[in-house]
Amino acid sequence: MSEPLLRLEGVTKSFEELQVLQGIDLALAPHEVVALIGSSGSGKSTLLKCVNLIEPVDAGRVFLDSVEITLAGVDQDAIRAQIGLVFQAFNLFPHMSVLENITLARRRVKGLDRETSEKQALKLLERFGLADRRDEYPDRLSGGQQQRTAIVRALAMEPKLLLLDEVTSALDPELVGEVLTLIKELATGGMTMMIATHEMSFARDIADRVLFLDQGRIVEEGPPDIVFTRPQNPRTQEFLQRIIEAGRL
Amino acid sequence: MLGGGRSAAVSTISTLVFFGLLAVVIALAPGSREVAHDFFSFDAMREAFVGTETTPSIGSAFLLNIKMFLFAEVLILILALGIAVVRQMPGPVFFPFRFLAVAYTDFFRGVPLLLVIYIFGFGVPGLQIDGISDRSPVVLGVAALVLSYSAYVAEVYRSGIDSVHESQVAAARSLGLSRMKALRFVVLPQAIRRVIPPLLNDFISLQKDTALVAVLGPIEAARAAAIYGADRFNYSSFVVAAALFIALTIPLARFTDHLIARDRKRRRAGALV
């Protein structure tokens, strides 16, 4: 196996009294797509935010390309620029057009000029069918278009790793498809991704590996076929049973 | 809102009746004849406005108010923004700066503006610092206005900064923007847009308070009016000065209303999307 792109060692995180992550160990190979499943509050979001360093970890270590990024003195802004994070609620910048949303970080973090950044942004917008929306403001877009814009915004930084935090949970059901299609396209293109999701059939379809999180621990992991059909851990069985009863698998 | 010819007619009639009754009440007051002469003499007003040999022109004195207002406004916008930004800097390292910013706003919001002007206008020259103490009373008065108003305006900015949701900062930081860049490109542009109406409201108030600088000696409109009144025993000059201030503040007040209405409309439109 090649050197992992991302590696976590004993990562813990609490908010006040609540221990959200209780020692997470995991490794992600380049081009691997991992789905994080588990009930709300199991720590999926927090795990992604700790990887992106938006939330500082309490203990444990995170390595990107074998370099520890949780060390004191690491330029965390530079690390974040290499790890894309897409949010459930899109979090587009409402005062900026689609094009400005996408070029902001290229210009202000990488210091590229407007022309170069816009050229690259337009190429991405073209590729994901958003070119005609380039001058619109976020509140004029549908939820699906907003989320696709948010993904493009993260892609514009050419991240090594893309983290997706329940990116379809805030969407109307008929808009989920267009976002999932885009993510599949990225997976085909070889993007390394960690995807927290409630869309089980999507997770099964796209993931190379599924991690089941329960109370801040990875209690089960494996290829989707195994985890979804023959889960070993009783917590996983219980969770999937509830999902099946809700008609979501 | 007015809608259609009928409601326009109703509002016209009710306005006429209201002001008609008000005019009758004032006209029937026992002292109305004297008041009309002392406060509303057209000749005295004209004379006070253009000035006489012994009294300054209220018209040109008012230019000083406008000048003080414009200078103060620009400086307040800058200083207050600095205070608001310092106040929201996180982490223990910045504690002394945060503390200073809080102390500043608490102090200058607590002391009456008139006292700030007195203390500054008479205290600073007494310090005898070259280049600062020998400034004219107008400069010292404007400085006092800037110090006092910046405390209020900083709070206005701060409310705007607080109103921008944390998730916006998270999105900006996740892209690699530093804290300062997230503030500059993502938070402040949204925050300032939201606080423009309350900012303008403070500036309406500032326009009037330039008159307080008169206590240091400069002849601005209110003081010019007082000089005329004392010279001629006719107070129509005060009405002239009042009219000038109103003429300056009303356009700004209507502009503020316009922005608030536009903002409300936009938010309603946004809620439908």
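Me: Leaving aside neighbours within four places in sequence, which residues is Leu244(B) in contact with?

Reply: Ile58(B), Phe62(B) and Ala221(B) are its contacts once those sequence neighbours are set aside. Keep in mind that this is a predicted model. Leu244(B) itself sits in helix α11 of chain B, which covers residues 236-272.

Me: How far apart are Leu244(B) and Ile58(B) in sequence and in space?

Reply: In sequence, 186 residues separate Leu244(B) from Ile58(B). In space, their C-alpha atoms are 9.1 Å apart.

Me: Does Leu244(B) count as buried or exposed?

Reply: Count the C-beta neighbours. The cut-off for buried is 20 or more within 10 Å. Leu244(B) has 20 inside 10 Å, so it counts as buried.

Me: Now helix pairs. What describes two packed helices?

Reply: Two quantities do: the angle between the axes and the distance between them. Take helix α4 (residues 58-87) and helix α7 (residues 137-163), both of chain B. They pack at about 45 degrees, and their axes are 6 Å apart. That angle makes α4(B) oblique to α7(B). The crossing of α4(B) past α7(B) is right-handed.

Me: Which residues of α4(B) and α7(B) meet?

Reply: From α4(B), the contributors include Met68(B), Phe71(B), Leu75(B), Leu79(B), Ile83(B) and Arg87(B). From α7(B), they include Val138(B), Val142(B), Leu145(B), Tyr149(B), Val153(B) and Arg158(B). By class, the residues of this α4(B)-α7(B) contact are 19 nonpolar, two polar and two charged.

Me: At what angle do α4(B) and helix α10 of chain B pack?

Reply: About 155 degrees, with the axes of α4(B) and α10(B) 7 Å apart. Helix α10 spans residues 221-232. Angles over 145 degrees count as roughly antiparallel. The two helices, α4(B) and α10(B), are therefore roughly antiparallel. On the α4(B) side, the contact uses Ile58(B), Ala61(B), Phe62(B) and Asn65(B). On the α10(B) side, it uses Ala221(B), Ala224(B) and Ala225(B). The classes are six nonpolar, one polar and no charged residues. Link this back to the opening: Ile58(B), Phe62(B) and Ala221(B) are also the contacts of Leu244(B).

Me: How many helices and strands does chain B have?

Reply: Eleven helices and zero strands. Its pattern along the sequence is α-α-α-α-α-α-α-α-α-α-α.

Me: What radius of gyration does chain B have, and what would a compact globule of 273 residues have?

Reply: Chain B has 24 Å, but a compact globule of that length would be near 19 Å. The C-alpha trace spans about 70 × 65 × 25 Å along the principal axes of chain B. In chain B, 30% of the 273 residues count as buried. Now look at contacts between residues at least 6 apart in the sequence of chain B. Of these, 72% join residues at least 24 apart.

Me: And what radius of gyration does chain A have, with 249 residues?

Reply: Chain A has 18 Å, which agrees with the value near 18 Å for a compact globule of 249 residues. Its C-alpha atoms fill a box of roughly 55 × 45 × 40 Å along the principal axes. Buried residues make up 43% of the 249 in chain A. The secondary structure of chain A comprises nine helices and ten strands.

Me: How many residues of chain A are in contact with chain B?

Reply: An interface is often sized by the accessible area lost when the parts come together. On chain A, 19 residues are in contact with 18 residues of chain B. The elements of chain A giving two or more residues to this side are α2 (76-80) and α3 (98-108). The chain A side has twelve nonpolar, three polar and four charged residues.

Me: Where does Thr103(A) lie?

Reply: In helix α3 of chain A. Thr103(A) is buried, with 23 other C-beta atoms within 10 Å. Not counting residues up to four places away in sequence, Thr103(A) touches Ser117(A), Glu118(A) and Ala121(A).

Me: What is the phi of Asp65(A)?

Reply: About 55 degrees, a positive value in a residue that is not a glycine. Asp65(A) is placed in the loop between β4 and β5 (67-68) of chain A. Asp65(A) has 14 other C-beta atoms within 10 Å and is partly exposed.

Key: Residues numbered from 1 in each chain as written. Chains lettered and ligands numbered in written order. Predicted model: local features only at pLDDT ≥ 70, side-chain atom pairs only at ≥ 80, totals over all residues. Axes fitted to C-alpha atoms, helices over the stretch in contact; angles between N-to-C directions. Helix = DSSP H or I, 4+ residues; strand = E, 2+ residues; numbered from the N terminus. Parallel < 35°, antiparallel > 145°, perpendicular 65-115°, else oblique. Left-handed = near helix turned anticlockwise from the far one by under 90°. Contact = placed C-beta atoms within 7 Å. Nonpolar A, V, L, I, M, F, W, Y, C, P; charged D, E, K, R; others polar. Rg over C-alpha atoms; globule rule 2.2 N^0.38 Å. Buried ≥ 20, exposed ≤ 12 C-beta atoms within 10 Å, placed from the backbone.
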